[in-house]
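Have the structure open as you read.

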Amino acid sequence: MVGFLETVILKSVKERGGPVFRLNSVGELEKLRAEISEKRDTGKPCITTCLGTGCHAYASYDVYDALAEEIDARGLKEKIELRGTGCHGFCEQGPIVVIFPSEICYCRVQPEDAADILAALMEDKVVDRLLYEDPVSGQKYEREDEIPFYKNQNRLILGQNRLIDPQNIEDYFAQGGYKALAKALTDMTPEDVLAEVKKANLRGRGGGGFPAGVKWETTRQAPEKEKYVVVNADEGDPGAYMDRSLLEGNPHLVLEGLILGAYAIGAAEGFVYVRQEYPLAVDNLSRAVEQAQGYGLLGDNILGSGFNFRVRIKRGAGAFVSGESSALVSAIEGQVGEPRPKHINTAISGLWGKPTNLNNVETWANVPFIIERGADWFNGIGNEGNKGTKIFSLVGKVNNTGLVEVPMGIPLRKIIEDIGGGIPQGKKFKAVQTGGPSGGCIPEQHLDTPVDFDRLQELGSMMGSGGMIVMDENNCMVDVAKYFMNFLKDESCGKCTSCREGTKRMYEILEAITKGEGRAGDIELLEELAWVTEKTSLCALGQTAANPVLSTLRYFREEYEAHINEKRCPAKVCKALIRYTIDPEKCDGCGRCQRNCPEEAISGELKSPLVIDTDRCSRCGICLEVCRRDAVVVE
Amino acid sequence: MEVKEIDQVMEKYGSDPADILGILMDIQEKERYLPRETLDYLSKKLDLPMTKLYRMATFYEALSLKPLGRHQIHVCMGTACHVRGAARILDKLESQLSIKAGEVTPDLNFGLKTVNCVGACALGPVVQVDGEYHGNMSALKVERMLKKYSGSENKEAE
């Protein structure tokens with residue numbers, strides 16, 4: 001057994017970092033850290049390339065390889081370090097390359113740029129064309145932290161991502177990794193750790209915002225001796241991917257938080273439940289667990305303290321409802337991941353009937369910071385009742401899409417306008433959707449609301465796991481409500497009739513409305529169904545299923561009415577209520593739309609204005625996409 | 001799948017019935033579906049009722065009782081992709097492949113599925129083919145993307 005483990009560890013660590021040996025005390029950990037720092041403190045430049053999923057999709061691995069080749073070709077292998085890191089967060093501008101120590105940031109880098117980057121680095125210059133350019137002011141920025149997207153953030157949890165090769169534990173050590181664990185194991189009792197987390201008022205980042213310390217205490221005090229801790233990495237909210245970025249980019253941070261939690265709660269075993277859609281997260285986390293085991297940071301007698309703790313990774317298989325705590329417990333046990341009645345909370349009766357503490361990835365990632373720097377420091381960030389930072393995935397119709405980390409309580413407007421850079425193509429902001437399918441849409445007039453757990457709920461939405469989807473004037477709010485209801489009816493496990501049938505009926509009504517078949521009384525019926533589904537469903541999926549409908553009704557009722565009464569879609573989205581035509585004044589008959597129309601619905605002589613046959617047109621929108629003269633009109 | 005291979009998968013998980021989901025997923029990855037005979041065998045070996053295996057297979061999106069395509073296309077229907085026009089991409093794929101979401105082309109080359117979010121929201125609309133991401137998709141880019149995968153299939157055949 002040991003032999004097998006050792007070969008695995010040696011294999012992985014040989015690739016990056018030095019030899020692995022068991023650390024038997026905190027002193028040995030600090031000695032190792034000092035050695036790593038000394039080895040690295042040579043002032044030699046380090047080129048980092050983001051290999052997170054976003055940049056990866058833009059072929060950042062090719063950029064990494066090109067940089068490696070270029071370094072090799074110039075014989076600079078000893079003089080320049082090259083590092084592949086996790087997600088930097090500015091996914092819109094990927095692939096991102098940052099050079100340390102100058103922190104010069106290059107955006108949208110292509111493999112062909114490698115030579116210029118190296119040449120500039122050797123001459124202490126910058127490659128001007130690869131710098132970030134503000135789309136509005138046209139100003140260019142050299143350093144990463146000067147770019148408005150980053151400047152207005154407080155990247156406490158995500159900040160290390162850009163410095164760390166997630167597959168190399170030495171990088172995490174160099175950033176002070178496992179210092180909090182060392183501190184807890186030497187200077188703090190489990191009660192102290194628990195008290196610190198309680199004092200920090202850390203609220204669960206997965207959705208509900210329940211105080212983590214209180215939950216920990218419940219599990220700790222439960223009578224059963226055997227207890228479990230679980231990382232909920234079944235990030236299922238569409239539009240949110242911060243947990244993915246953390247697990248992929250800095251897995252040891254999450255692990256360290258989990259070990260601290262296990263120490264405080266008195267658990268000897270932990271699980272990480274990761275959704276299968278995140279293969280890189282599973283890989284990096286598995287490697288991190290192996291490395292931590294190799295160094296004795298997991299297993300028996302951790303750092304010579306007498307504390308034992310093991311971690312196992314379980315993969316999910318694509319079921320949104322399995323992210324609910326009792327469902328996740330079932331899934332780990334090997335049952336179908338459906339929610340159970342929670343007369344007794346999972347904190348008291350979870351995995352195999354034992355007390356089980358579940359927190360989401362981001363919550364766990366906060367713990368090492370709280371323990372290392374103290375609850376008082378943590379309480380200095382955020383607003384009343386909402387301490388610390390929150391990571392949002394700012395996506396949709398916004399210029400700077402990516403992961404954003406801000407202190408809780410800053411206004412929504414600051415996130416969307418200052419960090420997000422506003423709406424593309426000068427379009428008008430319409431709403432921002434937060435909280436995933438359980439959340440709601442917040443309109444313009446509430447943009448100055450501070451973002452925290454409580455205020456978002458007052459607006460009829462919620463924090464959820466931090467998805468923030470920006471919508472502009474071209475998004476139809478009835479269509480958005482229909483979209484979420486479609487999602488929820490598919491993901492409802494079907495156990496409760498009210499949820500199974502309620503989501504289905506609401507979807508049918510919404511679909512009829514978007515088809516122009518809405519009738520008077522539909523809105524009232526929706527409200528009634530929403531009430532019943534909310535009141536009579538077992539788990540949060542059903543209890544909050546109506547939120548997307550209710551919040552859009554609350555702020556955009558006139559849009560529903562236009563669909564029902566005037567058979568009109570004001571945002572020009574709902575296919576049955578729109579038609580495509582060509583403006584003969586603008587059309588020069590180039591034929592691009594005609595060649596690309598899948599329905600062959602466009603006719604006319606080339607070089608003279610073309611015509612769309614509305615009966616044949618499937619409203620796919622390709623003509624609109626390809627027209628260079630804006631001649632295609634939607635009415 | 002040969003009995004020996006199934007045994008290997010089970011051994012990887014210590015033949016623990018609690019790890020049945022992991023076992024099923026490994027088989028799904030290898031076979032592109034869960035063959036009836038394999039489920040029969042697992043049911044006997046792990047002493048799990050067949051009904052439970054079917055329940056798992058039909059509950060989880062990643063599991064399938066019918067073979068998936070050699071190239072499995074996942075169209076992300078997450079919110080970020082939706083507001084940027086994912087429905088149009090799906091329409092185009094459906095018309096291009098002449099199948100509906102959830103189906104497989106008759107030659108089994110392409111399977112088409114929608115997924116609720118692949119977590120690459122900044123790139124929306126996103127299509128994932130065999131685990132590879134194609135970001136900022138447009139209906140126009142669909143054809144080119146499909147060609148790439150049809151091409152690789154031909155090469156393999158040579």
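A residue counts as buried if 20 or more other C-beta atoms lie within 10 Å of its own, exposed if 12 or fewer do, and partly exposed in between, with C-beta atoms placed from the backbone. Helices (H or I, at least four residues) and strands (E, at least two) are DSSP runs, numbered from the N terminus. Keep in mind that this is a predicted model: local features need pLDDT of at least 70, side-chain atom pairs count only at pLDDT 80 or more, and totals for chains, interfaces and linings use all residues. Residues are numbered from 1 along each chain as its sequence is written, while chains are lettered from A and ligands numbered from 1 in the order in which they are written.

Start with strand 17 of chain A, residues 467-472: five of its six residues are buried, so the rest of the structure largely encloses it. Which strands pair with it? Strand 13 (residues 389-396) of chain A does so in the parallel sense, over four bridges (strands pair if DSSP finds at least two bridges between them), and there Val395(A) has Ile469(A) as its bridge partner. Strand 15 (residues 429-434) of chain A pairs with strand 17 in the antiparallel sense over five bridges, with Thr434(A) partnered by Met468(A).

Now hop over to an open sheet of four strands in chain A, ordered 2-1-3-4 with mixed pairing. Its edges are strand 2 (81-85) and strand 4 (104-106), each pairing on one side only. Neighbouring strands here are turned by 20° against each other on average, direction ignored (axes are lines fitted to C-alpha atoms, for helices over the stretch in contact, and angles run from 0 to 180 degrees between N-to-C directions). Strand 1 (residues 46-50) and strand 3 (residues 97-100) of chain A run antiparallel, joined by four bridges, and Thr49(A) sits opposite Val97(A). Helix 4 (residues 60-73) of chain A lies across strands 1, 2 and 3, at about 160° to strand 1; contact means C-beta atoms, placed from the backbone, within 7 Å.

Conventions
Contact = placed C-beta atoms within 7 Å.
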